[in-house]
Amino acid sequence: MYSTKGFFILLFCGCYQMLVAQDSLSASRQKISFNGYIKNLSSYSIDKLGHQNTFGNLVHNRFNIKWKPSTVITFAAELRNRLFWGDQVSRIPDFASRLRNNNEVWNLQKAWVSNNNLVLHTNVERLYVDLKKDKWQARIGRQRINWGMATVWNPNDIYNAYNFLDVDYEERPGSDAVSLQRNLSDFSHVEFVYCSSGDQKQIAAARYFLNRWNYDLQFISGIYHGAATLGLGWAGSIRETGFKGEAQYYFAGKDSASQLNLTLALDHAFKHGWYLTVGGLYNSRGLNRNLNNPGELNLNLSSRNLMPARFSWLLAVRKEISPLSTASCTIVYSPQLDLLILSPTISYNISPQWDADLIWQSFFLRYQGSFQGLQDIGYLRFKWSFAGNGKQ
């Protein structure tokens, strides 16, 4: 851990000194911009297995700041502050310890208050320096590595996979990493990324991105936690219908078996504000049988476990009710598990700064010979966004 941290610090300082020598830091060019939001998310969960209901509340603040002292260098920091209270805090042991992002090797979090009634938690979500010079770009520090191209499931997102069931994390997790990119043309580049995850395992991979035949294409090769991996992704259209897909293959490693994750998705915008997405996911290591115990179901989604089933299908429909409101419904079904997830949502834009969302999630599963409900969760969210900029 300490050797990795030292490497980041030395590399950061060295690049900064080199660029300061090349580009004047005149006060007239120093600029700071910031934005963020404050959200209140109230939730009510009905556990049909444990026969208990749970209320929770989360006040969620995010503050993002960027300082661009020159055309070459940008510093960025983003803080995530969360205040939890309710049954979710009192009933889950060591609740604060579960808030740590496993992609992060540096412990930049702080639980200011942690007891059976209340948890106030801060985490540094992004902390990086971005360097651009001619056709080169380097980013050093805690950052989001976004290699996903598909709509919902992203097998190519090997650094920090996103759990689509998390309704309150649109920024998605980051990683402590070094990324280096070389632009080959206006429509192609090569990129190399190295990061160390919180469990002291490393990920190092290269990506070649290009546009050909009106499709964005990418090819990935690297090492994931000691196992070699290859990936392919694309995004384009068939006439007026979007067509996206990703495949990621993991070779057998010392502590892991070989695995293939593959996803395909079609999306189409219709008249009168209708939008439709259809997709599928194949996980070669996923479950392909009915369960006797719902505890076997692992919905802690990760890069290799995008869904717990061998096959999963998705249908998402969105309708613009008015310029200020939309309604949507996402249905996920895994036939071999007989797992069904329903998630309808209504969103309303109260003003340019205020948004409101009503979200519902229902989980059903066949186990012990019958199709049964597992859990229902309702969310009510209000969000106020702010932004600003200034010069020094």
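Which side chain makes a polar contact with the side chain of His-121? I went to look, keeping in mind that this is a predicted model. The partner is Gln-109, and the two side chains come to 2.7 Å.

**His-121**

I found His-121 in strand β5, which covers residues 118-133. Buried or exposed? His-121 is buried, because its relative accessible area is 1% and the cut-off for buried is under 20%. Leaving aside neighbours within four places in sequence, I listed its contacts as Arg-80, Asn-81, Arg-82, Leu-99, Gln-109, Lys-110 and Ala-111.

**Tyr-44**

Next I checked Tyr-44, which sits in strand β1 (residues 31-47). Tyr-44 has 39% relative accessibility, so I put it down as partly exposed. Its side chain makes a polar contact with the side chain of Asn-53 at 3.0 Å. Beyond four places in sequence, Tyr-44 touches Asn-53, Thr-54 and Phe-55, and also Asp-376, Ile-377 and Gly-378. I also looked at Leu-380: it is 336 residues from Tyr-44 along the chain, yet their C-alpha atoms are separated by 9.0 Å.

**Salt bridges**

My count came to 16 salt bridges. I opened three of them.

Asp-168 and Lys-39 pair at 2.8 Å, N to O. Asp-168 is in the loop between β6 (136-143) and β7 (175-185) and Lys-39 is in strand β1, so this pair ties together parts that are 129 residues apart in sequence. Both ends came up buried: Asp-168 has a relative accessible area of 5%, and Lys-39 has 1%. I then traced a network of salt bridges that links Lys-39 and Asp-168 with Glu-170, Asp-357, Arg-381 and Lys-383.

Arg-62 and Glu-125 meet at 3.4 Å, N to O. Arg-62 belongs to strand β2 (residues 52-68) and Glu-125 to strand β5, so the bridge ties together parts 63 residues apart in sequence. Arg-62 and Glu-125 are both buried.

Arg-289 and Glu-296 form a salt bridge at 3.0 Å, N to O. Here I noted partly exposed residues: Arg-289 is at 40% relative accessibility, and Glu-296 has a relative accessible area of 32%.

**Second largest pocket**

How many residues line the second largest pocket? I got 32, with Tyr-162, Phe-164, Ser-328, Thr-330 and Thr-345 nearest its centre. The elements giving two or more residues to this lining are β14 (274-283), β15 (311-322), β16 (325-334), β17 (339-349), β18 (354-367) and β19 (370-391). I sorted the lining into 13 nonpolar, nine polar and ten charged residues. The volume of this pocket is about 1,000 Å³.

Conventions. Residues are numbered from 1 along each chain as its sequence is written. This is a predicted model: local features need pLDDT of at least 70, side-chain atom pairs count only at pLDDT 80 or more; totals for chains, interfaces and linings use all residues. Side-chain values use heavy atoms; hydrogens and water are left out. Helices (H or I, at least four residues) and strands (E, at least two) are DSSP runs, numbered from the N terminus. Buried means under 20% relative accessible area, exposed over 50%, partly exposed in between (1.4 Å probe, protein chains only). Contact means heavy atoms within 4.5 Å. A polar contact is a pair of N or O atoms within 3.5 Å; within protein, one must be able to donate a hydrogen and the other to accept it, and residues adjacent in sequence count only if both atoms are side-chain atoms. On a 1 Å grid over the protein atoms alone, a cavity is a set of points where a 1.4 Å probe fits but cannot get out, and a pocket is an open set with protein on both sides within 12 Å along at least five of seven lines; lining residues have an atom within 4 Å of a point. Grid points are joined across faces, edges and corners, and a volume is the space filled by probe spheres set on the points. Ala, Val, Leu, Ile, Met, Phe, Trp, Tyr, Cys and Pro count as nonpolar, Asp, Glu, Lys and Arg as charged, and the others, Gly among them, as polar. A salt bridge is a side-chain nitrogen of Lys or Arg within 4 Å of a carboxyl oxygen of Asp or Glu.
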